[in-house]
Amino acid sequence: MSALEVSNLSINHGAIVAVRKLSFTVEKGQLAAIIGSNGAGKTTLLRALSGLIPASEGTATWKGKSLLGQKPENLVRSGVAHVSEGKSVIPELNVKENLALGGIWRKDKKDVAIATEEVLELFPRLRERLQQSADTLSGGERQMLAIGRALIARPDLLLLDEPSLGLAPLIIEQIFEAVNQLRHRLGLTVLLVEQNAMSALKIADVGIIINVGTLVTSGQSKELLADANLRAAYLGY
Amino acid sequence: MLFIDTLLIGLSSGAIYALMALALVLVWRSTRVVNFAQAGQAILSTYLGYEVMNMTHNYWVSIPFAILGGAAIAAFVDGVIMRALVKRSHKGSVSEIAPVIATLGLLGLIRSLTGMIWGNAYLQYTSPLSGKGYMIGQHTIPFSPQNLIIVIGALLVMGVFAAIFKFTNLGLALRAASFQPEISRLAGIRVDRIRTIGWAFAGAAGAVAGALVTPTTYLSPNSLDLLLVSGFVAAVIGGLDSLIGAVLGGLLLGVGFAFILQYIGTSVTFSAAFIILILVLFMRPRGILGSKGGRRDA
Amino acid sequence: MRKSKSLSALTFLAIGLFLLGLSNFVDELRVYQGAQIAVYVIAISSIILLTGYSGQISLGHGALMAIGGYAAVLSYTYWHLPFLLAFTVGALAAALGGFILGMAAARLSGPYLAGTTLALAVGLPSLANQFHILGGEQGLSFDIGEAPKWISNKTGGDFTQYKWFFWVSVVCALATIWFIKNLLQSRFGRTWRAVRGNPSAAALSGINIGRSKVLAFTVSSTLAGLAGALLAMLLGLVAPMAFTLTLSFTLVTGAVLAGVTNLAGSIVGAVVLVGIPEFTDAVATHLGGSEKISANLPGLITSVLLILTVIFMPNGPKLHKRKKVTN
């Protein structure tokens, strides 16, 4: 049995079916990239997996337990962290407070401190800006902050929604490199949703390509990258 | 001398306005509703204090009961009524105004209930402190020990709130949940529960206002209605989103009122409040400390 | 179109004649309550026009009614105007107040508008205590007298003053509904619906949103002023006690009960509002309750109705019968 199993999942977005009978699996410790253009239903999928919106049919399980029908605040507590689209930080709070939110519900305060220290080591720029309001950060720094906050919860499944959105190529590379490092070091399973197919597939083990809410194909990312037809049709280069 | 007298009166009433404004802002920030029932909740908790005082004959003992009562009432209002409303009324022609209407209904409900229980007559909820002004030399200033306790009490509440918001995890969760509920949920904060706690804080602030100000006037089911209006005006002056703004708005309004009363006359009190409100809305639509985003898209 | 309009005018006439005829067959209390219902219909429609069609909320219509009532009584007392003209003065005075308020309102959204109008509702009646001419707490008495001979003679029997009140109120109410119905079908009505439905799209298609909102507020206030003048007639006086915050709340309750976008619902709302005190009186006597209970029971029921309606019937009780919002 795979660690993350999504089977026959459909999600409605108002009157529209945003995700239609989607099935895929991700093994423990893998990084899976979900690739698709704008409006392919990627964000909707992640929002359903983290409990923000309901699914209309199908199942989704993580380590045998259903992800559907649970509240996001409880899913986080069972190890599923979601970094939502658009640098999910709270601009009204400073960097330190944003990080603190990640561990606010955890009883083990010692480990929260350790996790925070690890994040600051991973993203040294955050340490320099601890007292600054998150509003003043650059796009890349915000993304680091959002990922960092998620890590302090010590998740084992990380859902990342378009971390590259609106960032310069160099920064994207840094962020992706950090994500790649992290999952090897922490044994994280990562579900990465991306429009930026090239960068995402480079670090991913498997790729899942969707279009208008339905599965196009999935497979080893190397193979996907090598498939000339796919590249032309869906990967856009 | 007259100037200082007026300032002192203004500070005392301003402190009460500030507490009420604080209560309104706390709820507004977390729920995006102006809680008109706040006046009702405060009156109910003040009646509770009144009953405790009748039993114990001690004003000071009654205050904590009023505060706890106010917090509990507010938690009940949010946990039961507002939650049901949010769940059910996201569609329909009334949906945009449903929360406001519900708080109005609640205000009416509490007024009628208190009227049924205690009658509409004016009751006395008295403080052992003198309502007579202090003497300075030959001059009696219009600032009594009760006024002093009003100012101290209000400052105490504000101090406690500030400390909670700034230094505790609860405060952090309260702030996060009111700014970005969705991100907060993803960070693991139980936003519903936190919001109810925010309401409880607001209820407590309103209860303090009621318990402190009532000895200077009288107690009846609608004796805090005008305070609701002043609190709202103060909150708007402060930008409706800012706790510090609410406090400053309250003090400014109190002092402003005092000077208008002193130098222009009592006949304009109401008009003054109304004109101040309109002026602020036109000239500084975000209040003196309001955050981003205009009032139109609020 | 034209045909249906003249048809509906006929319908109104028929309803009016029926109601007026009916007044001969019921007792005095019912006649008086009928007049009350008619006045509430006007006041509630004024809120429906504002909230349901223009998307603005007012918790201060009680205050606008007070303006109408006081202006009518003052002009009747001091200028000795015929009472119908005095009513017109009342309506116009409220229109002026509503215009000024509407200027502010057009710039405000939900909570600010609600709070501002609430401030008006709480504060305005207290002005009566501060200006001698307004008569303080006792207020000013208002007596429009008996019906003119040419009416009372024709109907035969004894034409009481209550019956006269009823006639005046019913005619005003029917005229109001007819007026609003036509207004909503006119260019103005379409503009309001466009603004309420999608403000940005309305603005892009050249509608002056601010002006449209101010106009809605002014028209609504005019009607509220008329209702205020009629209320003064029914009560025989104007006083701060007649225009309390409770009145404003009651009107909002009536509008919510009516379903906010349903003009015909205003009649349901009005009947319920007038029926509540009667019902609660009966309950209170039955319970042998004290004055405390009987004085507060109507408020309690109204409030509970209001809360339950917004929670359980966000579209008002008539929702199930209508497919979508018409006119």
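Two residues are in contact if their C-beta atoms, placed from the backbone, lie within 7 Å. By that criterion, no contact joins chain A and chain C, and the closest C-alpha atoms of these chains lie 18 Å apart. The structure is a predicted model.

**Chain contacts**

There are 2 pairs of chains that touch, and the pair with the most contacts is chains B and C. Where chain A meets chain B, the contact takes 20 residues from chain A and 16 residues from chain B. On the side of chain A that touches chain B, helices α2 (72-77) and α3 (95-102) of chain A each supply at least two residues. The residues on this side of chain A comprise 10 nonpolar, 5 polar and 5 charged.

**Sheet of chain A**

Chain A has an open sheet of 6 strands with mixed pairing, in the order β6-β7-β8-β3-β9-β10. The edges are β6 (80-83) and β10 (214-220) of chain A; each has a single partner strand, so one side of each is left without a neighbour in the sheet. From one strand to the next, the twist averages 15 degrees. β6(A) pairs with β7(A), residues 157-161, in the parallel sense over 4 bridges. Within this pairing, Ala81(A) has Leu158(A) in β7(A) as its bridge partner.

Helix α1 of chain A, residues 42-49, packs on the sheet and touches β3, β6, β7, β8 and β9 of chain A. The direction of this helix makes about 150 degrees with that of β7(A).

**Helix packing in chain B**

In chain B, helix α1 (residues 2-31) packs against helix α9 (residues 225-237) at an angle of about 70 degrees, with the axes 8 Å apart. The angle makes α1(B) roughly perpendicular to α9(B). Residues of α1(B) in this contact include Ile16(B), Tyr17(B), Met20(B) and Leu24(B), and those of α9(B) include Leu227(B), Leu228(B), Gly231(B) and Phe232(B). By class, the contact of α1(B) with α9(B) has 13 nonpolar and 2 polar residues, and no charged residues.

The two contacts described by residue class are set out below.

| α1(B) with α9(B) | 13 residues | 2 residues | no residues |

**Confidence in chain A**

The average pLDDT of chain A is 88, and 98% of the residues score at least 70. Confidence in chain A is highest in α3(A), at 93, and lowest in helix α10(A), residues 228-235, at a mean of 72. Helix α3(A) is also one of the elements that supply at least two residues to the side touching chain B.

Key: Residues numbered from 1 in each chain as written. Chains lettered and ligands numbered in written order. Predicted model: local features only at pLDDT ≥ 70, side-chain atom pairs only at ≥ 80, totals over all residues. Nonpolar A, V, L, I, M, F, W, Y, C, P; charged D, E, K, R; others polar. Axes fitted to C-alpha atoms, helices over the stretch in contact; angles between N-to-C directions. Parallel < 35°, antiparallel > 145°, perpendicular 65-115°, else oblique. pLDDT = per-residue confidence, 0-100. Pairing = 2+ DSSP bridges.
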